[in-house]
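Thank you all for coming; I would like to walk you through one structure this morning, and I ask you to keep the picture in view while I talk.

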Amino acid sequence: SYAQNFEDLMLYRALGRVERGFYIDIGAQHPEVDSVSKAFFDRGWRGVHVEPVPHYADLLRRERPGDWVIEAAASNHVGHTTLMVFPDTGLSTTVPEVAAGHIGFGVPAPELELEVPTVTLASIADELSDSEVHWLKIDVEGLEKEVLQGWDPAKLRPWLVVVESNLPNSTQPNHSEWEELLTEADYVHVYSDGLNRFYATVERAEQLKPAFALPPNVFDDVQLGKNSFMCRELYQDFHELTDRYEAEIKTLLAQIKQSDLRHQAMLKSLSWRITLPLRSVLNFLSFAIRKKDAASLFADRQQPPLSPRTRAWLAKIDVAAEDSHT
C-alpha cells in the first residue's frame with residue numbers, strides 16, 4: 001500500500017487488516033495530496049469527508065465515488081460561519097486569530113471569505129445509523145475543541161481518534177485544551193507523532209496499542225506515495241527535469257525536420273537538376289585522380305636494400321635448389 005503521511009501509515013498499521021472499514025475525515029482537503037484516507041479508500045473502505053472549501057469538496061466528490069462529502073465546517077453547533085480561504089493550502093480556517101497567525105507566518109492573505117454551513121459530529125452520527133466507524137480524524141486549524149464539543153460519544157464511538165495537537169504553524173502543543181473531552185469519553189492516548197495525537201477506546205486499547213509501540217519503520221511494508229509531503233519536492237524536481245528534457249527533444253526534432261525540409265527543397269530545385277551532369281563529371285574526375293595517385297604511390301615504392309647476411313642466405317637457397325635439380 002501507499003502512505004501519504006505519518007497519520008495514515010500508523011492508522012494503516014493498526015487497521016489495515018480490516019476489510020471494508022469506515023472512516024470520518026474532518027478537514028479532508030485534497031483526495032490525494034496528504035490524504036489520510038487515500039490508502040483505505042483504495043483498499044475498499046468508504047466514509048465521510050467534511051470539507052468546507054468548495055474546490056476541495058468538488059475534487060472529493062469526483063475522486064471518491066461512494067463516499068459522502070459534506071461541504072461544510074465542523075463545529076459545536078449546526079448553523080453558519082465565515083470561512084477564510086487560503087487557496088491551495090490546508091490552512092483555511094473559521095478562526096480569525098488563526099488566520100492572522102498564518103499571515104504573520106508569511107502565508108499570503110486569504111483571497112476570499114465564504115459563508116459556509118456548520119455541522120456537528122452528533123448530526124453526522126444521526127445520518128450514519130448503526131455504522132461502525134473505525135477511525136475519525138480531526139484537522140480543523142484551531143477548531144479542535146469546538147468539533148469535540150459537538151460530539152456525542154454515545155452515538156459515535158470510533159475505534160481510533162486522531163487529532164492535530166499543535167497550534168497552527170507551530171510545534172507548541174495545544175491538546176490540554178480539548179483532551180479532557182476524549183478521556184471523559186473513555187478514550188486513552190496511545191501514540192503521538194509530533195503533530196497529531198492518537199486515542200483508542202478503552203475497550204479496544206489493548207488490542208490496538210501494539211500497533212503504536214514503534215514509530216514508522218522499514219517493516220511496515222508501506223511505500224510513500226508521490227503526493228506524500230516527504231516525497232513531493234523530489235517528484236516535483238523529477239517532473240521539472242522531465243519537462244525540460246521533453247522540451248529540448250521537441251526543439252531538436254523540429255530543427256531536424258526543418259533541415260530535412262530544406263534538403264528536400266534543394267533536391268527538387270532547378271539549379272540542383274541543372275548542375276547534376278557537372279557534379280557527375282566532377283565526381284568521376286575526383287575518383288580518377290584518387291585512383292591515379294594511389295597507383296603512383298605504389299609504383300614509386302622502393303624495396304629496402306638487403307643486408308649482406310640476407311644476400312648470403314638467399315644465395316645458399318639458390319645453390320641448394322640447383323643441386324636438387326641435377
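Let me begin with a term, because a salt bridge here means a side-chain nitrogen of Lys or Arg within 4 Å of a carboxyl oxygen of Asp or Glu. Please bear in mind that this is a predicted model, in which local features need pLDDT of at least 70 and side-chain atom pairs count only at pLDDT 80 or more, whereas totals for chains, interfaces and linings use all residues. Residues are numbered from 1 along each chain as its sequence is written, and side-chain values use heavy atoms, with hydrogens and water left out.

How many salt bridges does the structure hold? There are 12 salt bridges, and I will take a few of them in turn. In one of them Arg 61 is joined to Glu 71, with 2.6 Å between the closest N and O atoms. Arg 61 lies in helix H3 and Glu 71 in the loop between S4 and S5, so this pair ties together parts that are 10 residues apart in sequence. As for the element names, helices (H or I, at least four residues) and strands (E, at least two) are DSSP runs, numbered from the N terminus. For exposure, buried means under 20% relative accessible area, exposed over 50%, and partly exposed in between, with a 1.4 Å probe and protein chains only. By that scale Arg 61, at 40% relative accessibility, counts as partly exposed, and Glu 71, at 31%, counts as partly exposed too.

Another salt bridge is formed by Arg 197 and Glu 179, whose closest N and O atoms are 2.8 Å apart. Arg 197 sits in strand S11 and Glu 179 in helix H7 (residues 179–183), so the pair ties together parts that are 18 residues apart in sequence. Are these two residues buried or exposed? Both Arg 197 and Glu 179 are buried.

Seven strands form an open sheet, in the order S4-S3-S2-S8-S9-S11-S10, and the pairing is mixed. At the edges are strand S4 (68–70) and strand S10 (187–192), each of which pairs on one side only. Within this sheet, strand S2 (residues 22–26) and strand S3 (residues 46–50) pair in the parallel sense over five bridges, and Tyr 23 stands opposite Gly 47 in S3. The C-alpha atom of Gly 47 is separated by 8.1 Å from that of Gly 66, the two residues being 19 apart along the chain. Gly 66 itself belongs to the loop between helix H3 (54–63) and S4, and Gly 66 is exposed, with a relative accessible area of 68%.

Finally, the largest pocket. On a 1 Å grid over the protein atoms alone, a pocket is an open set of points where a 1.4 Å probe fits, with protein on both sides within 12 Å along at least five of seven lines, and lining residues have an atom within 4 Å of a point. The largest pocket is lined by 45 residues, and those nearest its centre are Gln 29, Gly 90, Asp 139, Glu 141 and Glu 164. Helix H1 (6–15) and strand S5 (73–74) are the elements that give two or more residues to this lining.

Definitions and conventions. Two strands pair if DSSP finds at least two bridges between them.
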